[in-house]
Amino acid sequence: MTTTAPPLLRVRDLAVTFPGRRRGSAPIRAVDGIGFDVAAGETLGLVGESGCGKSTTGRTIVRLLEPTAGSVSYGGRDISHLSQRALKPLRRDLQMVFQDPHSSLNPRHTVARIIADPLLVQGATVADARERAVELMELVGLIPEHIDRHPHEFSGGQAQRIGIARALATSPRLVVADEPVSALDVSVQAQIVNLMERLQRELGLAYLFIAHDLSVVKRVCDRVAVMYLGRIVEIGAKERVYAAPAHPYTRALLSAVPLPDPAAERSRERITLLGDPPSPAAPPPGCTFHPRCPKAREICRTEAPPLRTLVPGEAREVACHFPEGV
Amino acid sequence: MGAPAPLLSVRDLTVTFPTKRGPVRAVDSLAFDVLPGRTLGIVGESGSGKSVTSLAVMGLHTGAEIKGSVTLAGRELIGLSDRELNALRGRRMAMIFQDPLSSLHPYYTVGEQVAEHHRVHFGSRRAIARERAVEALAEVGIPEPRRRAGEYPHQFSGGMRQRVMIAMALVCEPDLLIADEPTTALDVTVQAQILELIARLQQERGLSVVMITHDLGVVARVAHDVLVMYGGRAAEHAPVDALFTSPAHPYTRGLLDSLPRLDDPDDAPLRAIPGGPPSLLEPAPGCAFAPRCPRAAVGSAEERGRCTSERPSLGGPDGHPAACHFPAYEGVAP
């Protein structure tokens, strides 16, 4: 019997439930039993609309939030119930980049302190940490002479570079990036995308790349998972999911993205979904997508479809009773 | 004969804000027309002046110095009193914003707020205004409009709130709708609904629309003509197809090249524009885009000098002008 090495990150049956806002109101199942793997050096894109649970998933993986059920394993070791103390050495390997670079950097700290902080926490000396901060600034394309400046002296794109440098300070193997470019100007987004791709090649990083922008995710990821109301509705190789989406929600999502091409916009067929995503406090029964689904039938209203492989051997799973292309 | 008279005409518009660190010219010598029944997309990044422009057209700037001319159906708006403007705002021209929740009053029902507009502008009686409000809510696709008119803004989703804003904007049947990033805060499936709604209302009512956005995809979907702004000035102005197929300004070209695209099979690195948007506090003497411009970078020393010292004016062929010393027009060596 051969044993294969466990993936870098393995998430199984993960659920995160928040108490209802008022006493007696129903709990909110933000993440409702999801599972996926992230291999060393790869990028998994996690996409979906607001409230789908993608950010909650990311925050739970780095243990900024506590899971309600299920497991998060890192390098084969279940970390979902480790104490913060036991977690500390693992934090070196597991870092996070946030959406709003300015609000995720302490305005009173210098860049030196911001980037060096994770190293100091891990026991580095002040001199070593500062030296490493200079290296990191060069690595992410910042001018090392600016090391004693404060975050407000940097533009949004530069501030996001600081956030990335901080995440890389401890030489992590997995970076959870939660909407890392969506607060940036269009002309600056490409710089950060290119930077993240270069860092991945040079450092062998794995990314869990969380975003609502399907064009950006297609650009950066190897595999993609589409979430709807706390669940994964489709997951698989990027080429399959983008070229031949099997879940009606994935199809609608892709067809809703405006293309920067007027001729294509005029000729393309769009699937316009009705209504808004429902509240995770009161998810519809059966398949949670059925009230908005153009293909919904009786079974969809009563039975939640499991995530399953459509074609044996195909690297893609779909949770739909009536998937496309079958 | 000739083109129809523009509904909205902006000439030499300059908006200056006094700040502690000196005056900031947020919009500089801007000119454009919006024809009846057409959509003008204004595209730009943060600080480009696109939102300041829309607020200046609506006369909503307090404390800014506004120069130039803005005419709506031939009537000059700059210099009008608040009272005169109030009679036009909401009535002949209406505006919707990015965040509908902060534009709606939390203490009044949605129906009351829409009806209020009708009452103010037409002096209509309460019962009639309420009826018009329910009709407007129905028209923008709010299910059960009569019941929902009695609900408060917090009871509506983001997409439904934006529909309420559109109902409020349209209840007085304006000629011009200015939409400032109306779908930026919305999910992509809801964005598609709102863009479709605006397009339908435009068709049915012959509305003129100014769509302000940072999203070139949104522009490609809804606009007939596009104005690209950079550093408070017009960079390029063109019919939508010409802008996307043959952008003349290096900034427009750079924006299009830097976008990751759903329909692009190529996985080569994105061609990013270096640097960031310019500071309005210390504007460069030459072209605002020169420090980031690939065309300026490859030019001779003399050409570079021109880009960094001489501000280009909007020029070039009729119908597709660009503010660049070395624009890339087809058949013309840049």
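Some ground rules: residues are numbered from 1 along each chain as its sequence is written, while chains are lettered from A and ligands numbered from 1 in the order in which they are written. Because the model is predicted, local features need pLDDT of at least 70 and side-chain atom pairs count only at pLDDT 80 or more, but totals for chains, interfaces and linings use all residues.

**Chain B as a whole**

Chain B comes to 13 helices and 10 strands (DSSP runs numbered from the N terminus: H or I of at least four residues for helices, E of at least two for strands). With a radius of gyration of 21 Å, close to the 20 Å that the globule rule gives for 334 residues, chain B is as compact as a globular protein of that length. That radius is taken over C-alpha atoms, and the rule is 2.2 Å times the number of residues to the power 0.38. Here are some more values for chain B.

| Property of chain B | Value |
|---|---|
| Span of the C-alpha trace along its principal axes | about 70 × 50 × 50 Å |
| Buried share of the 334 residues | 49% |
| Share of contacts with a separation of 6 or more that join residues 24 or more positions apart | 64% |

"Buried" is for a residue with 20 or more other C-beta atoms within 10 Å of its own; exposed is 12 or fewer, partly exposed is in between, and C-beta atoms are placed from the backbone. A contact is two residues whose C-beta atoms, placed from the backbone, lie within 7 Å.

**Two helices side by side**

The axes of α4(B) (residues 110-122) and α7(B) (residues 158-170) come within 8 Å and cross at roughly 25°. Those two helices are therefore roughly parallel (under 35 degrees; over 145 is roughly antiparallel, 65 to 115 roughly perpendicular, the rest oblique). Axes are lines fitted to C-alpha atoms, for helices over the stretch in contact, with angles from 0 to 180 degrees between N-to-C directions. On the α4(B) side, Val110(B), Gln113(B), Val114(B) and His117(B) make the contact, and on the α7(B) side Val164(B), Ala167(B) and Met168(B) do.

**Where the chains meet**

Chain A and chain B each put 37 residues into their contact. On chain A's side, α6 (186-203), α7 (214-220), α9 (248-256) and α10 (262-267) give two or more residues each, and α6(A) gives the most, with 8 residues.

As for α9(A), 7 of its 9 residues are buried, among them Tyr249(A) and Leu253(A). Their cover includes α8(A) (238-243) and, from chain B, α8 (188-205).
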